[in-house]
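Me: Got a model I'd like to go through with you. Can we start with the charged pairs and then move on?

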Amino acid sequence: MSDGYILQMNNITKTFPGVKALSDVTLNVSEASIHAICGENGAGKSTLMKVLSGVYPYGSYDGEIVFQGKKMTFKNIKDSERAGIVIIHQELTMIPELSVTENIFMGNEIVEKGLINWEKERKITRELLEKVGLHIDPNTIIKNLGVGQQQLVEIAKALSKNVKVLILDEPTSSLNESDSENLLHLMLGLKKQGITCIMISHKLNEIAAVSDYVTVIRDGKTVDGYAVEAGKVDENKIIRAMVGREIENRYPEHTPKIGEVILEVSGWCVEDAKVPGKMLCKDSTFYVRAGEIAGFAGLMGAGRTELMRSLFGKNMGIFRSGTMKIGGREVRINSVREAIKNKIAYVPEDRKGLGLNLLDSIRKTVVSANLDVIKTKGLLDFDKEKAVSEKYKDSLKIKCRDVGVGVSTLSGGNQQKVVLSKWMFPEPDILILDEPTRGIDVGAKYEIYKLIHELADQGKAIILVSSELPELLGMADRIYTIFEGRITGEIPAEEANQEMLMKKMTITA
Amino acid sequence: MKYIKKVLGEDLRQYTMVVALAALIIIFNIASGGKMVTSSNFQNLISGNAYVLVLALGMLMVIVIGQIDLSVGSVAGFSSMVMAITARQFNLPWYVAILIALIIGMIAGAWQGFFLSRLGIPGFITTLGGMMIFRGGVIWISNSISVPVPSELKWFGAGYLPEWGPAFTGMNNSTLLLGIIAIAVYAISQIKKFTHSGDVTGKKEEFWPFAVRIGIVTIVVGYATWLFGSGRPGTSFPIPGLILMILIILYYLITERTSFGRHVYAVGGNKSAAELSGVNVKRTYFLTMLNMSVLAAVAGILFVGRSTAAGTADGTSWEMDAIASVFIGGAAVSGGVGTVIATMVGGLVMAVLNNGLMLMGVGADKTQVIKGFVLLAAVAFDVYNKKNRG
């Protein structure tokens, strides 16, 4: 072993036609440590991990990988897994219809005389699940597990392959706070057992909590790397290194101009369409004023998204009771179309799954929620469509070659700007933003925050749903907390702090 | 290359099938000793294949929403058989007969649309059921005997544009007029496009690519006009071709320039996102299936008009030709992708293959084999291209 490093990636350079994705990147990982890699979206983190795990085979990049003192030449993922390097992707790769056991042994089945030995597989699965702290039956079907549990099963699967270096790509991006904490705890446990973890993450507080060493990558180059002491990380230093510029405020300054109450919801109750008797929203009552940003804090599964989608034309669950007033007048909205007509807009949390048609171009997407406006004599007018999309491209600084290009070619931040344009175009009075900055890099986040402020200043009532408490504290004027479908608190932002919000998000009363 | 792109647009890939079509026509013309590019053969080609292309128009939208309709042949056969029987029994005039066929198509479409949109049963299943139900229905109500249709319907299936005006033009004047209108409409739309080209960006495009485009269209349409118009006396551009052209324009407008068209692509591309954008997904499903069956009835009318009687086997395996046309035209099985024009080119490739192989005396058995390979090759080529781009 050289210098106590279990893994060294030396001078890695990877070029795609026309783009240098990585240039001269060096990564040194000590044995039994937690090594964090951070960087903006598109900085090259994922590419580096793909080089490491053999997705990009040996020979397609320059530089060398030294693992446990030996030079490695991985030709595919199987090679790297055999050596003990396992990657867990951001999007989970479990097969939903199969059991935990079947998933863990997928491609590695224990076969005796041509048949699978289920007893043995189940026994090993039980042991593995024990190791990751998951107390479930190995026969459980994956789709019946929560995302957090699925992730633990992924880790159990990695353990079954005798993993030495575990790479976690944005492991907590789809987890709620308690599952995230659980996962970070598990990583510390794995470290004690001698397993090295490489964690790619946007969440600086998580990096601060568990990592021993941070490497920052920017524009395909290693820009900074230093050892950290758990619990003592200068977050601003990491942010500076990531974006290469000083961000004085992660949230822009803003003085709200608050007006009349626009949206008033009272006694809103929604039942789960799939689980009879289970209430998604219980007696929710709240209001939002013009020019105000009302934050909604709640853990995933608390019913934030369910409440918002129910308000947006009864799009989720079965509506049971409740009233909704817009500008003092009671309205009954039963479809998304009617919601749009009543000047409500909803930007969903799942950008690719719910916000965009990835086959469409920017121009088609921008006008898609308000087609009637771009018609001339009853037919869609392409000139108007182009003019509208050019306007939003300029005002939101959407980086693209042309508004005719497909939205699938854009980065996450630019895609989100396109979705925001789509919902700004119908000129809503009430704008519901569900996790508007998820998976977006720091620079683009700042731009979106500024945009939200502008929209508020235009007198729109804004609902900001977020699972990042600092974001709510930095952006919202008033914060509601939700727990198990019930609104458990209403706090003016200047009086709120993270501990207090978290308490209301986890305990009723 | 730069100049070609200026004339045809950035995405040259969409012209591969057009080039393939032109190549096929030329190759068959040489191989058959000049029997391909003649007035009578082209007239036959159009009137003999119009019904498949009409089906393909509806099938395109069905495939774009991510569904499939296997029942179109049976619906076409059933609606024209009901039409033939009622018209004969009650001695109805031809226009009532046509109305009956269209209503039957509409009912069949509503039936299948109901199962898809309200009960969520996939189109593959509902229309597989429909395929059997309506095929059985045809045989049942007709007692397995062909029924003649009102003679006026022949005009729809095998008629020609009327003859009029001076003889010095040397061709059928209706066809000539049609050709002139087509060229004029295209030229005007291009000139309009040119004059408006600077409106948004403030940068006017060059004029010459517009001129070249108008020139190319004038030559192609002009040649086609002459070809169709200069056949033996009494023949000209076929009526089913005219009906097809009107439908192509109509469906081009529906798919590209209406909200409903956008909704069709939106539902096919991402159903959940479409729903959250205010699209009524169920309504879109329903109307698309309804529309398909109405077009199936139109196809049935064109076909029985040509054969003068409704037969019990009419429509058998038409769905396969329609589906093949759509996929040769580059549509995606997963939905969301496909255009009217590309589908028509795809359908013409199939039609030219059929026709050309027949002219060369290749048997129906071998023709079938060749068509199968062409379908596979076209889709494989498309998939390969997309992979290399992305």
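**Salt bridges and surroundings**

Reply: A network of salt bridges links R289(A), E292(A), R478(A) and E490(A). Here a salt bridge is a side-chain nitrogen of Lys or Arg within 4 Å of a carboxyl oxygen of Asp or Glu. This is a predicted model: local features need pLDDT of at least 70 and side-chain atom pairs count only at pLDDT 80 or more, while totals for chains, interfaces and linings use all residues. Residues are numbered from 1 along each chain as its sequence is written, chains are lettered from A and ligands numbered from 1 in the order in which they are written, and side-chain values use heavy atoms, with hydrogens and water left out.

Me: How many salt bridges over all chains?

Reply: The search of the whole structure gives 21.

Me: Which residue of chain B does E385(A) form a salt bridge with?

Reply: R262(B), with the closest N and O atoms 2.7 Å apart. The pair crosses between chains, from helix α13 (residues 382-395) of chain A to helix α11 of chain B. Helices (H or I, at least four residues) and strands (E, at least two) are DSSP runs, numbered from the N terminus.

Me: Are E385(A) and R262(B) buried or exposed?

Reply: Both are buried. Buried means under 20% relative accessible area, exposed over 50%, partly exposed in between (1.4 Å probe, protein chains only).

Me: And what about helix α11 of chain B around R262(B)?

Reply: Nine of the 11 residues of α11(B) (259-269) are buried, so the helix is largely enclosed by the rest of the structure. Among those buried residues are R262(B), H263(B) and Y265(B).

Me: Back to chain A. What does R320(A) meet in a salt bridge?

Reply: The side chain of E271(A), at 2.7 Å, N to O. R320(A) sits in strand β16 (residues 318-326) and E271(A) in strand β13 (residues 261-271) of chain A, so the pair ties together parts 49 residues apart in sequence. R320(A) is partly exposed at 46% relative accessible area, whereas E271(A) counts as buried at 13%.

Me: New topic: sheets. What order do the six strands of the open sheet in chain A take?

Reply: β6-β9-β10-β3-β11-β12, with mixed pairing. Two strands pair if DSSP finds at least two bridges between them. β6 (85-88) and β12 (221-227) of chain A stand at the edges with a single partner strand each, so one side of each has no neighbour in the sheet.

Me: How many bridges join β9 and β10 of chain A?

Reply: Five, and the two strands run parallel. L168(A) stands opposite M199(A) in β10(A).
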